[in-house]
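These are my notebook entries on one structure. I set down what I looked up, entry by entry.

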Amino acid sequence: MDTTFSDVVKKVMTHYPLKVKNIYLLSFKGKKAVWSIQTDMGEWIMKKVPFDETHIDFMLHAIAYLKNNGVNTPGVLKTSSGEGYVKLNGEYFVVFETVYGRSPEYNNDGDLALMLKGMAAFHKASRGIESPNGFYPSYLLTKWKSDLQTRMERLKAWKEQRQQVKNKNEFDRVFLANVDTFLQQAQAALTTLNQPYFEQWVKETERTKTLCHQDFAAGNLVVGKDGKLYVYDMDSLTVDLPVRDMRKILNKVMKKDANWNLPMMLKMMKFYQQVNPLTKEQYLILAADIQFPHLFYGQVSKYYENREDQWTVDKHIVRLKDMISTELSKNAVLKSFLARLDEVVKRDS
């Protein structure tokens with residue numbers, strides 16, 4: 001391990017009532033880093049977080065609030081002076097409990113139930129949260145229309161730019177052959193957001209608050225030795241409709257086979273509905289968010305904005321074709337899903 005990092009970690013750990021035995025770097029991404037710290041009181045996980053006190057205060061408050069409402073998430077170790085973090089050379093470090101277990105799997109029904117019910121419990125438990133300092137690091141709730149509009153405009157701009165290019169490559173050709181279809185899907189999604197029930201849900205959530213995790217996926221979840229689901233990595237919490245997390249996990253599962261799957265979607269939403277029931281209108285908002293070509297947009301922006309410069313053009317093209325296949329398969333499934341909404345939203349007689 002890099003000695004300078006080792007020195008930094010050792011210095012940070014002097015603020016805690018623990019004796020350090022060993023330090024292992026688990027991951028390093030510039031502004032973020034994660035270490036395993038072996039101590040006289042077992043193993044702890046230290047994270048270097050890429051934000052300041054106000055954001056950390058909100059994250060610590062949210063972790064305590066969620067834990068208090070029954071969400072299983074690693075607790076934060078306090079320093080000897082009772083602080084939730086250490087600041088060293090302008091950088092911030094937080095130490096968490098370690099949770100031992102395994103990663104859940106999407107193709108295992110038991111795990112899938114744990115994940116969707118866990119997500120629903122997370123949304124439900126976050127309700128009513130207020131910021132301890134009046135500051136919300138992320139508040140995506142009121143930005144839906146403007147964000148989707150911006151993405152749609154970017155797709156149009158890339159379309160115009162690539163049409164002008166004389167020597168189009170394979171990526172350009174695949175993009176241009178499909179972009180109009182996805183612009184139509186984007187417009188259809190935005191039209192649904194003009195329905196009064198969307199505005200109503202946003203206003204209600206402005207009052208009651210709900211947090212979205214933003215990456216409630218297998219990589220940030222552990223099935224503990226006690227069989228319970230643990231969620232970690234609370235860096236990106238945002239106040240928003242639960243739909244954001246639901247759409248992301250659905251896209252994650254469906255893109256694995258590059259194909260939307262109605263039985264799988266129904267199953268996942270029924271698990272969610274058992275714990276945090278949504279209304280039919282709220283599922284229409286989910287359907288609109290799914291209809292927006294997020295996967296296509298994400299892949300295209302990665303390429304045209306050079307966000308994955310390690311990738312070869314061929315890799316970009318393969319990924320783009322997979323995303324197109326996934327996106328094109330979803331409309332028929334969404335239609336069938338909405339036709340069978342009664343199965344999901346069972347009214348109590």
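Which residue in S9 is the bridge partner of leucine 221? I found that it is valine 231.

Before going on, I note that this is a predicted model, in which local features need pLDDT of at least 70 and side-chain atom pairs count only at pLDDT 80 or more, while totals for chains, interfaces and linings use all residues. Residues are numbered from 1 along each chain as its sequence is written, and side-chain values use heavy atoms, with hydrogens and water left out.

Entry on strand S8. I located S8 at residues 221-224; strands (E, at least two residues) are DSSP runs numbered from the N terminus, as are helices (H or I, at least four). S8 and strand S9 (residues 229-231) run antiparallel and are joined by three bridges; strands pair if DSSP finds at least two bridges between them. Four residues separate S8 and S9 in a hairpin, and glycine 227 in the turn has a positive phi of about 80°. S8 also pairs with strand S6 (residues 101-102), in the antiparallel sense, over two bridges. There, arginine 102 has valine 223 of S8 as its bridge partner.

I then checked the faces of S8. In a regular strand the side chains alternate between the two faces of the sheet. Leu221 and Val223 on one side, and Val222 and Gly224 on the other, are all buried (under 20% relative accessible area; exposed is over 50%, partly exposed in between; 1.4 Å probe, protein chains only).

Entry on threonine 205. This residue lies in helix H6 (residues 196-208). Threonine 205 is buried, because its relative accessible area is 2%.
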